[in-house]
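This report describes selected helices, chain contacts and backbone features of one model. Please examine the sequence and structure below before reading on.

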Amino acid sequence: MAELSDTERTLAPPPAGALSVQGLTISYDSPAGTRELVRDVSFDIGPGQIVCLVGESGSGKTLTGRAITGLVRHSPRLRAEGTVSFGGRELSTLPERELRRVRGGQIGMIFQDPAAALDPVIRLGDQIAEAIARHGGPAGRDSRRRRATELLTQVGITDPELRARQFPHEISGGMCQRVLIAIALAGDPSLLIADEPTTALDVTIQAQVLDLISQLRRERGMSVLLITHDMGVAAQLADQVVVMYAGSVVEVAPVATFFSRPGHPYSAGLMRAVPRVDAPRARRLPAIPGTVPEAADRPPGCPFQTRCPLKLEVCGSEQPPLTAAGQSSGPQHLVACHRSAELLAGGLTVWSAIGATS
Amino acid sequence: MDGMDVRVPADQVAATPEAGADMRVLPLILGRWGPLGRPARGPARRQIRQASRVRTRTGLIIAVAYLVLLVGWAIIPGVFAGTDPTAVNPLAALAGPSVHNFFGTDQYGRSIYDELVYGARPALEVGVGSTLLGGAAGSLIGIAGGYLGGWFDLVVMRLIDMLLALPGLLLALIFIAALPRTLSNEIFAIAIASVPVFARVLRGQAVQVRSRRFVDAATVSGLRRRTIVVRHVIPNCVAPATELATVYVGVAIVIAASLSFLGLGPSEVVPDWGTLIQNGQGYIDHDWWISVFPGVIVTLAVISLSVLGDRLRGALEPVRG
Amino acid sequence: MLGVVGRRIAAGIPVIIGVTAIIFFVLRVLPGNPVDIITAGAPTTPAERQNIINEFGLNKPVLAQFGSFLWDALHGNFGDSFSSRLPVISQISQQAMPTVELAAAAMVLTVVLGIGLGAVSALTYGSWVDAAIRTVTLLGSSMPIILTGPLLILLFSFTVHLFPATGSGSFPQLVLPALALALFACGVVVRLVRGSMLEVKNQEFVTALRAKGVGEARIWLRHILRNALVPAVTLLGVQLGALLSGAVVAETVFGRQGLGSLLVTGIDNKDYPMVQAIVLIIATAYIVLNIIVDVCYSLLDPRVRVQMAG
């Protein structure tokens, strides 16, 4: 992996940041049988695309993110199956040594609690330098230090020499997240996996971090898998939205389509649940009744059936596959619902039926 | 938070000794994995878990049985051994372990086994006596300091620091130096050595308890300080205090044996475990049993008390919410 | 950094004075007439007794005696031994070396064994190596020196003639006593380092390190171990104290003529100045060691430096 100069980088075609996840299933064995935490998840990320993986806690989105780079291997109770292709290579069968080179190199990752994701006893500059050294950086401590300072500047940190000498507990959460992004950038990644990067941060800092991610995508042609439960974040950044519920993908759609015409009852329910400034006052917030079932309690068939107002007989026995939603929505709109055609064709009446039960 | 082990049910997590820790690291370091995951090892792991649970219960039973035996030796030595352990019998001198003398004989022909049995009482008297005395005093001081805070706590802390600057044996040694060599004085000396240990641990516990919300709730609801201490603080301190006390009995027995070994033990006590070990020192090359068996008896007592202490603490700990 | 050290030293001084006071007053206030001790019970004339009283300053009020003791001690004068009538300090300096050697060797060995075995134990979690280490250290920390010592002597001096059993002054003579002490003291450290490493490995930053592509070996040695040492260091301070008092016993077990045996004879003869001086020296050494441990602790964990400065 030669290091491209800045000129070479802008002139050359964008690096292959294309990711394809097919049939990812993560399970664990319990005395009562095998439980699937993530079931048959498939989605693609094109080069330079921002895909938001959306879902609530327990949907399996974090696990999916970690499985892509093989971090699930380090948890002995979990088992992962399926394929993950990245930049033409099959990651799922790569030996650990090779995969380690991809991790932090072509695929960078940042996490939800930035302060906790940094080693508390080592200076920030050294932690960045560690990533630089690991991924083909210059030999020699001084050049690595200079590169680390460069990276800090690229992520918008002022006075980088000072920051590099500091420890994680001496800086704010927002700055920690920037440092983590700098670390992720050290390997010149073509894909960035961001697992709830703003959840632990204040709203104003949130905006800054999201802007930074967006800017980096523009400048570097990097694709991004942004895992979040915040619809606002998805609306702001995503090119495409992948919705997960209880371990399965229920909808895949371009962002505009998703927010205007969601094809799955769950997505529609989520839309309804977002409080709106222009809604009439003194109205109860519509919520989706019920809770996400535990892995052990998932029924056969569609995972959403227990809370779905549009449930049919067939939903209890057959899990709906991800199928194209129809010509009107375009080829990239996929929905896993037996009644999606009705939903999309129907009008407000069908929408109102969903989520109005509260 | 969505983590790696989230949604793994509680029974799975609780059963393994350290949650998520059952992982072979060396293969990881060597980078020897292929597909995205590895086959889980359900059945094998379950067996290991069950085996260790059985093993620890057996451990407790053995520990308690041993301690009961020692108590038996202390209370009714005549049942376990002959009548006069100090009887000299030159004909049987320096004989190895045998059916007649389980642990062999010393240079005077005395049975080591008999001497050990009769030595149990002074050992336990010192061990239990000094622990009760010092433990009670230290705990009270510690809880008072921890809960009351303020200048009282400061004074207590300074005092504890000073006493702790003389590690273990040394503090007892000063008192041994100053006092006549009797068993009660030895108990007193070792008790003093235990006071700072208990005081520090209990103070820490009391401070922790004081900062818990239910204490605030009790104070706000108008309960008198004394009531709060008795009804809330003390019960929460019982578990660590009990474990510490049980373990400290072992420590005290070792200190007492070491003192006798050094020739600084109570002069009136014969036979004495520490003196036995000291006695056998010169014979260690050929007649090792004279020193080794008493040492083993003491060690087993220490181990049993540790095991018991650990279990007691587990049993006494208030259920965590 | 200097500020932290200075503050610790300043805090240590009242403790030393307090300890000295405890030692001094306990020996004075409790029963036993010093004059009789000094004369070892031999018949004396009143004039002789008065001489002794004057010589040892026994007629002054106790507080004054304490004051002059402190003053003299600061100048290195710990008084004269009741038994030998010679300055205590000269006997101490003659016999100090074996103790210093033993203490230093045992401390180094404890740290090395404690951290090393603890790390190995954590890395081989669940295997027989782990179980073996835990069993050996459990036994070691449960066995008193008065058993470990003779056993080591039996094994390595008499069964296999590797090391000498007694005496001091040469390196081979240092091995068995230092090993006996270290085996006893390192048990707790091994358990703590092991437990600490197993806890740290579950923390979020370890996952982040893996996501960074850092190799497992480096993660364990540079990151996990380093973080795990933080709580272990404070424990080491306590264990060093156990080592110091254990050295007293070890000297008798291994026939080393050091401060320990000097202390024991002093107690036997009720030689208070000797006892006072040695106990004071050991206590001071312990306090100094703890200051060093505190400094190491703040070096290891940068989060603590802020607390310590405040």
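Which residues in H5(C) meet which residues in H10(C)? The answer is given under the first heading, and the model discussed throughout is a predicted one.

## Helix packing in chain C

On the H5(C) side, the residues concerned are Thr99(C), Leu102(C), Ala103(C), Ala106(C), Met107(C), Thr110(C), Val111(C), Ile115(C), Ala119(C) and Leu123(C). They meet Trp220(C), Leu225(C), Leu229(C), Ala232(C), Leu236(C), Gln239(C), Leu240(C), Leu243(C), Leu244(C), Ala247(C), Ala250(C) and Glu251(C) of H10(C). Sorted by class, this contact between H5(C) and H10(C) comprises 18 nonpolar, three polar and one charged residues.

Two packed helices are described by the angle between their axes and the distance between the axes. Helix H5 of chain C covers residues 88-123 and helix H10 of chain C covers residues 216-253; their axes cross at roughly 145 degrees and come within 8 Å. The handedness of the crossing between H5(C) and H10(C) is right-handed.

Helix H3 of chain C, formed by residues 46-55, is hardly covered, since the count of buried residues among its ten residues is zero. Gly57(C) follows H3(C) and has a positive phi, near 65 degrees.

## Contact between chains C and B

The contact draws 44 residues from chain C and 45 residues from chain B. On the side of chain C that touches chain B, two or more residues are given by each of helix H1 (2-29), helix H7 (145-159), H10, helix H11 (259-268) and helix H12 (272-300) of chain C. H10(C) provides the largest share of that side, with ten residues. By class, the side of chain C that touches chain B holds 33 nonpolar, eight polar and three charged residues.

Chain B itself contains twelve helices and zero strands. Of its 321 residues, 43% count as buried. Where contacts in chain B join residues at least 6 apart in sequence, 69% of them link residues at least 24 apart.

## Contact between chains A and C

This contact takes 24 residues from chain A and 18 residues from chain C. Helix H3 (96-102) and helix H4 (124-134) of chain A each contribute at least two residues to the side of chain A that touches chain C. The largest share of that side comes from H4(A), with three residues. The side of chain A that touches chain C is made up of eleven nonpolar, six polar and seven charged residues.

## Helix H7 of chain A

How many of the 13 residues of H7(A) are buried? Twelve are, so H7(A) is largely enclosed by the rest of the structure. The buried residues are Gly174(A), Met175(A), Cys176(A), Gln177(A), Arg178(A), Val179(A), Leu180(A), Ile181(A), Ala182(A), Ile183(A), Ala184(A) and Leu185(A). They pack against strand S6 (107-110), H4, H5, strand S7 (191-195) and H8 of chain A. The end C-alpha atoms of H7(A) are 18 Å apart, which agrees with the 18 Å that its 13 residues should span at 1.5 Å a residue.

Helix H7 (residues 173-185) of chain A packs with helix H8 (residues 203-220) of chain A at an angle of about 15 degrees, and their axes are 10 Å apart. Angles under 35 degrees count as roughly parallel, and H7(A) and H8(A) are therefore roughly parallel to each other. The crossing in which H7(A) passes H8(A) is right-handed. From H7(A), the contact is made by Gly174(A), Gln177(A), Arg178(A) and Ile181(A), and from H8(A) by Ile205(A), Gln208(A), Val209(A) and Leu212(A). The contact of H7(A) with H8(A) has four nonpolar, three polar and one charged residues.

## Positive phi values in chain A

Most residues other than glycine have a negative phi. Asp40(A), in strand S2 (residues 33-45) of chain A, has a positive phi near 50 degrees. Asp40(A) counts as partly exposed because 18 C-beta neighbours lie inside 10 Å.

Asp159(A) also has a positive phi, near 55 degrees. Its place is in the loop between helix H5 (141-154) and helix H6 (160-164) of chain A. Is Asp159(A) buried or exposed? Asp159(A) is exposed, with 10 other C-beta atoms within 10 Å.

Methods: Residues numbered from 1 in each chain as written. Chains lettered and ligands numbered in written order. Predicted model: local features only at pLDDT ≥ 70, side-chain atom pairs only at ≥ 80, totals over all residues. Contact = placed C-beta atoms within 7 Å. Helix = DSSP H or I, 4+ residues; strand = E, 2+ residues; numbered from the N terminus. Nonpolar A, V, L, I, M, F, W, Y, C, P; charged D, E, K, R; others polar. Buried ≥ 20, exposed ≤ 12 C-beta atoms within 10 Å, placed from the backbone. Axes fitted to C-alpha atoms, helices over the stretch in contact; angles between N-to-C directions. Parallel < 35°, antiparallel > 145°, perpendicular 65-115°, else oblique. Left-handed = near helix turned anticlockwise from the far one by under 90°. Expected span 1.5 Å × (residues − 1).
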